[in-house]
Amino acid sequence: MADPNSIAVISLGSQRVSGAFFGKTSGGDLILKRYEIVELDGDPSVDASRLPQLKLALQELVAKVKIKGQKTWCAVPGHPVFSRFVKLPPVQGDKLSQIVEFEARQNVPWQLDEVSWDYEVVSKSELGEIEVVLAAMKCEPLNEMHEEVASCGVNVVGMDVGPLALYNSFRYSYPDVDEPALIVDMGARSTNLVFVEGDRFFTRNLLVGGAAVTNAIAKEFSIPFAEAERQKRAQGFVALGGAVEDHPDEGVNAMSKVMRNSMTRLHAEIMRTITFYRSQQGGSAPKRVFLAGGGSGAGYIAEFFAEKLKLPVEIYNGLRGVQTDRGVSADAAQADAPAIGELVGLALRGMGSCPCEIELVPGKLASARDAARRAPSLILAGICVMGALAASIFWFKSASAVVEKRAAALQAESGQLNGLANQIRQLDARQEDLRGRSAQLEQAVTDRSWWAHLLNDLNQQFDNDLIWLPVIEVLKDGKPITKALWGGDENNSGSAAASSTANAKTGAPAAPVYTLRLQGLYRKNDKGEQKVVYDFAAKLAKLEAFNAPDFEAKRDTYVKVDSGVDEVRYAYHFEIKMPLRNPLQFQ
């Protein structure tokens with residue numbers, strides 16, 4: 001049985017997947033019981049290999065943290081999430097949702113039925129103006145992330161957004177900071193900026209991260225991405241400006257300058273965002289800067305930003321307000337504290353209220369919640385059904401005696417009806433016998449006109465005097481069913497013999513195949529010689545009496561015609577064999 005005072009959390013980063021299991025003291029403090037960080041191989045900006053690597057990393061993480069089957073909150077990274085801060089006029093609470101949905105349709109760059117979206121009230125001015133933050137993510141990638149986590153046996157109960165989880169963590173871990181602050185969360189694929197000013201906050205995602213630094217190193221030294229990442233973590237640092245002695249190793253010194261150039265680009269983006277926050281959002285300039293995320297571990301990075309921003313810069317401690325269990329290494333936890341902030345924010349979501357409670361709900365999770373909401377009604381309906389069933393059972397028992405008495409009377413009556421049924425069955429058998437005899441007579445009457453109709457249809461196909469038919473006969477399995485007018489037909493006899501041999505081999509009687517053979521002559525003409533015969537045969541193939549749908553493809557199978565190249569002959573022989581569709585039952 002799950003402990004209500006514990007929660008599992010997973011952060012789905014671009015280059016690392018982290019997870020933890022938290023508990024809660026009676027005083028409301030969080031306790032970190034265990035945590036793990038699993039790295040993903042490859043360039044995080046390449047989406048093609050993202051999901052397979054994510055699945056393997058999640059399986060390893062779930063096994064290490066031992067959270068299979070636990071209720072778990074997850075955080076998606078900031079770069080696939082669209083966020084927008086919108087100011088609304090003073091409205092009543094009932095109309096706020098309608099106005100926010102209208103703003104969402106205007107601002108979200110996708111159709112609302114293609115995304116999962118939510119909003120949170122950020123602040124209210126003295127004049128009643130309301131500022132809200134919109135967060136939206138396309139359903140397809142959100143559902144894919146949820147499915148990968150759920151496939152590892154984790155019971156996902158909610159999906160948060162990484163930068164907002166970090167904001168909740170900051171409010172919990174740094175309650176003493178009352179001046180405007182900026183959190184720079186440096187991830188692999190992007191960097192999240194979180195401005196905190198009292199109860200108000202603002203976020204912005206910058207597509208500059210650790211992977212950009214690694215790619216710059218790989219390009220500079222012409223080495224693979226994996227090797228560049230290994231060297232960056234092993235001996236990389238951000239070169240300091242001014243008169244600073246260079247590193248004795250030329251390679252390390254060159255790499256530090258590459259890292260400084262990349263960080264300079266990030267600094268420029270941060271300054272533009274600060275300007276935008278102050279001019280467009282009416283915010284104040286930050287007084288303190290906190291570096292969080294995996295990128296905050298680079299050497300001299302705090303000094304670099306302190307030099308550039310002219311502000312006090314410190315490394316974010318995500319475990320500042322969190323107790324650690326005895327099974328957790330204190331030194332390792334403090335080393336990873338800058339990257340654990342999102343996990344702490346997720347734990348707060350799972351155990352109580354938070355300043356920001358935006359949630360992106362995947363399709364399956366929404367269906368499960370809908371089913372849970374319906375459960376009380378379904379249970380009540382089940383109770384009603386069971387009550388009705390009990391009443392029905394009581395009624396049936398009370399009526400049992402009446403039914404048995406009536407059954408005895410019906411049984412006596414059934415004996416009489418059975419006698420009548422036997423007489424009816426005899427009459428039915430007699431009627432069926434008579435029906436069979438009459439069917440034979442009806443068929444005979446119908447067949448009387450079959451040849452007349454067929455010969456009439458044949459006659460209708462003549463549109464010139466170039467063709468005449470001396471012989472028309474029926475073949476059964478390739479053999480004439482009447483004696484030949486002259487001589488024998490060795491070919492047909494051989495065909496019939498082959499058919500009989502085939503039937504003997506299979507051991508199963510085959511239905512006879514009836515064919516109408518037309519032997520005739522055509523005289524020399526200027527319409528294409530044999531073409532008059534082929535045209536005549538093509539018209540025959542379309543008649544209802546014949547079954548030759550593939551005539552054009554197998555014309556030479558149905559028609560054999562002599563070539564009219566002998567100048568002394570008046571006419572030339574041809575033969576047409578057409579399978580009959582529903583012939584008479586020839587004997």
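A crossing of two helices is left-handed if the near helix is turned anticlockwise from the far one by less than a right angle, and right-handed if clockwise. By that rule, H5 and H7 cross in a right-handed way. The model here is predicted, so local features need pLDDT of at least 70 and side-chain atom pairs count only at pLDDT 80 or more, while totals for chains, interfaces and linings use all residues. Residues are numbered from 1 along each chain as its sequence is written, and side-chain values use heavy atoms, with hydrogens and water left out.

Helix and strand labels below are DSSP runs numbered from the N terminus (helices: H or I, at least four residues; strands: E, at least two).

**Helix packing**

- Two packed helices are described by the angle between their axes and the distance between the axes. Axes are lines fitted to C-alpha atoms, for helices over the stretch in contact, and angles run from 0 to 180 degrees between N-to-C directions.
- Helix H5 (residues 210–221) and helix H7 (residues 250–280) have axes that come within 9 Å and cross at roughly 135°. H5 and H7 are therefore oblique to each other (angles under 35 degrees count as roughly parallel, over 145 as roughly antiparallel, 65 to 115 as roughly perpendicular and the rest as oblique).
- On the H5 side, the contact (heavy atoms within 4.5 Å) is made by Ala212, Val213, Ala216, Ile217, Glu220 and Phe221. H7 brings Gly251, Ala254, Met255, Val258, Met259, Ser262 and Met263.
- Sorted by class, the residues of this H5–H7 contact are 10 nonpolar, 2 polar and 1 charged (Ala, Val, Leu, Ile, Met, Phe, Trp, Tyr, Cys and Pro count as nonpolar, Asp, Glu, Lys and Arg as charged, and the others, Gly among them, as polar).
- Helix H1 (residues 50–65) packs with helix H3 (residues 139–150) at an angle of about 30°, their axes 9 Å apart, and the crossing is right-handed.
- Leu51, Leu54, Lys55 and Leu58 of H1 meet Glu144, Glu148 and Val149 of H3. This contact has 4 nonpolar, no polar and 3 charged residues.
- Helix H4 (residues 162–173) and helix H10 (residues 341–351) have axes that come within 7 Å and cross at roughly 80°, which makes H4 roughly perpendicular to H10.
- The H4–H10 contact includes Pro163, Leu166 and Tyr172 of H4 and Val344, Leu348 and Arg349 of H10. Its classes are 7 nonpolar, 5 polar and 2 charged.

**Cysteines**

- The structure holds 0 disulfides (pairs of cysteine sulfur atoms within 2.5 Å).
- For Cys74, the closest cysteine sulfur is in Cys152, 10 Å away and too far for a bond.
- Cys74 is buried, at a relative accessible area of 0% (buried means under 20%, exposed over 50%, partly exposed in between, with a 1.4 Å probe and protein chains only).

**Loop residues worth a look**

- Most residues other than glycine have a negative phi.
- Tyr300 is not a glycine, yet has a positive phi of about 65°. You will find Tyr300 in the loop between strand E12 (288–292) and helix H8 (301–309), partly exposed at 43% relative accessibility.
- Asp477 has a positive phi too, near 55°. Asp477 sits in the loop between strand E15 (467–476) and strand E16 (479–480) and is partly exposed at 24%.
- Glu544 lies in the loop between helix H15 (531–541) and helix H16 (555–558), and counts as exposed at 64% relative accessibility. Glu544 and Arg581 are 37 residues apart in sequence and 7.5 Å apart in space, C-alpha to C-alpha.
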